[in-house]
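Q: I have a model open on my screen and would like to learn how to read it. Could you walk me through it, feature by feature?

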Amino acid sequence: MASTRFAEVQMAPPIEVFAVSKAFTDSTHEKKVNLSVGAYRTDDSKPWVLPVVRKVEKMLAEDDSLNHEYFPILGLEAFSTAASKILLGDSHPAFGEGRVTSVQTLSGTGGLRVAADFLHGVLKYTSVYYSSPTWGNHRLIFQLAGFTNLCTYRYWDAEKRGLNIDGMLEDLSKAPENSVVILHACAHNPTGVDPTQDQWKKIADLIESRKLFPLFDSAYQGFASGDLDHDAWAVRYFADRGFEMMGTQSFSKNFGLYNERIGNLVLLLKDPACIPAVRSQLTLLVRGCYSNPPCHGARIVTKVLTDPALFEEWKECIRTMSGRIKEMRKGLRERLEKLGTPGTWDHITAQIGMFSFTGMTAAQAKHLADKYHIFLLSSGRINMCGITTGNIDYVAEAIHDAVSNVTQA
């Protein structure tokens, strides 16, 4: 075989969530269940195109004034402005003071990468702190952006199956000045455990005193609780406190626009005079990465967020999705408790959003896959949307069997 310069390339480790999803797809078992994928499913286990999205897509298709010209490098300004206002609150004084700027990004992932590139490449920050556990992409994004000090802060208390607030505060108290702290705005992934308002205040106090930089990852606003304002409380609290900060928004979950890659990066500054220079640097970063963002998802979200009637329809869709998740949480907990499954299961309903950190071990997860063809991550995280009225009894009985009979880690 001819020599090649690529012979030394090593095989990268598989990305677990996609590997597990493939195992589900390959299974021929009639009762197979996918609890791994991070996307909403109906009670029929089908993807759901929101009715309000369908309506707007038809409107856009019939609008002959639209074309396929390039968007500006920083995206559709009407979208970014509308998106920023649902995160910070429409009446936040920072808008009137000209202290907010935003950039359309390639969903939340792209927003995080642009943020990381800016924070490291422009502000020269080198340290980032993210929760243990966290979304699997946080570390990779900041590592590839050049951050050299990648640190975790304690978050999940395995024994209490809740937030380890004392550990979190202790770890962040040791962070060097100008460390970036990634905070999940709501519906923490993968645990589903959020700080209380009092705990958020303590977190803010520490970040302020240590002169750290908060970066909120908001992937589930509205989708988590069914209430846009409730899910944005932490972000708005930090904004009201006068923090300079960033926030990344994804409209994959709350609009069901997974493959449109529609997101937003929001920057809140103290001095509006700095915004032109900031935007100029963001422009260079985007230009050198993907040049400009796609239009379809941005047009859909902009239309919905700026039309009062469509906005109300969207909020009803959000309530439908979050309501179904809450019902599945309630139903799973009731069944596990009725079966007498070892341990306590109140954390299933205490957690919020798409995911539940069940407390199951990797061995128990493997048992569920091997024996029942129920597929979940080895961490024990499950997507509550994968549970339906048709499979909830099967899932509960399988979990009961795994927890009762598989004890090794």
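Q: Where does Asp-43 lie?

A: Helices (H or I, at least four residues) and strands (E, at least two) are DSSP runs, numbered from the N terminus. Asp-43 sits in the loop between β1 (33–34) and α2 (51–61). Please keep in mind that this is a predicted model, in which local features need pLDDT of at least 70, side-chain atom pairs count only at pLDDT 80 or more, and totals for chains, interfaces and linings use all residues. Residues are numbered from 1 along each chain as its sequence is written, and side-chain values use heavy atoms, with hydrogens and water left out.

Q: What is the relative accessible area of Asp-43, and which residues does Asp-43 touch?

A: Buried means under 20% relative accessible area, exposed over 50%, and partly exposed in between (1.4 Å probe, protein chains only). At 31%, Asp-43 is partly exposed. Contact means heavy atoms within 4.5 Å; leaving aside residues up to four places away in sequence, Asp-43 touches Arg-324, Thr-388 and Thr-389. Its C-alpha atom is 19 Å from that of Arg-54, 11 residues apart along the chain.

Q: Is Gly-343 buried or exposed?

A: Gly-343, in the loop between α14 and α15 (347–350), is exposed, with a relative accessible area of 58%. Gly-343 and Val-403 are 60 residues apart in sequence, while their C-alpha atoms are 8.6 Å apart in space.

Q: How many strands form the open sheet, and in what order?

A: Two strands pair if DSSP finds at least two bridges between them. Here seven strands form an open sheet with mixed pairing, in the order β2-β10-β9-β8-β7-β3-β4. β2 (100–106) and β4 (149–154) each have a single partner strand, so one side of each lacks a neighbour in the sheet. From one strand to the next, the twist averages 25°.

Q: In which sense do β2 and β10 pair, and what about β8 and β9?

A: β2 and β10 are antiparallel, with seven bridges, and Gln-104 has Asn-264 as its bridge partner in β10. β8 (residues 213–218) and β9 (residues 245–250) are parallel, with four bridges; here Phe-216 has Gly-247 as its bridge partner in β9.

Q: Which helices pack on these strands?

A: Axes are lines fitted to C-alpha atoms, for helices over the stretch in contact, and angles run from 0 to 180 degrees between N-to-C directions. Helix α3 (residues 77–88) packs on the sheet and touches β2, β8, β9 and β10 (262–268), making about 65° with the direction of β10. Helix α8 (residues 197–209) lies across β7 (180–184) and β8, at about 170° to β7.

Q: Why are β2 and α13 described as largely enclosed?

A: Six of the seven residues of β2 are buried, so the rest of the structure largely encloses this strand. Helix α13 (residues 296–306) is largely enclosed too, because eight of its 11 residues are buried. Among them are Arg-299, Ile-300 and Val-301. The elements covering these buried residues include α2, α3, β2, α11 (252–255), β10 and α14 (308–339).

Q: By class, which residues make up the lining of the second largest pocket?

A: Ala, Val, Leu, Ile, Met, Phe, Trp, Tyr, Cys and Pro count as nonpolar, Asp, Glu, Lys and Arg as charged, and the others, Gly among them, as polar. In this lining there are 15 nonpolar, two polar and six charged residues. α8, β8, β9 and β10 each supply at least two residues of it.
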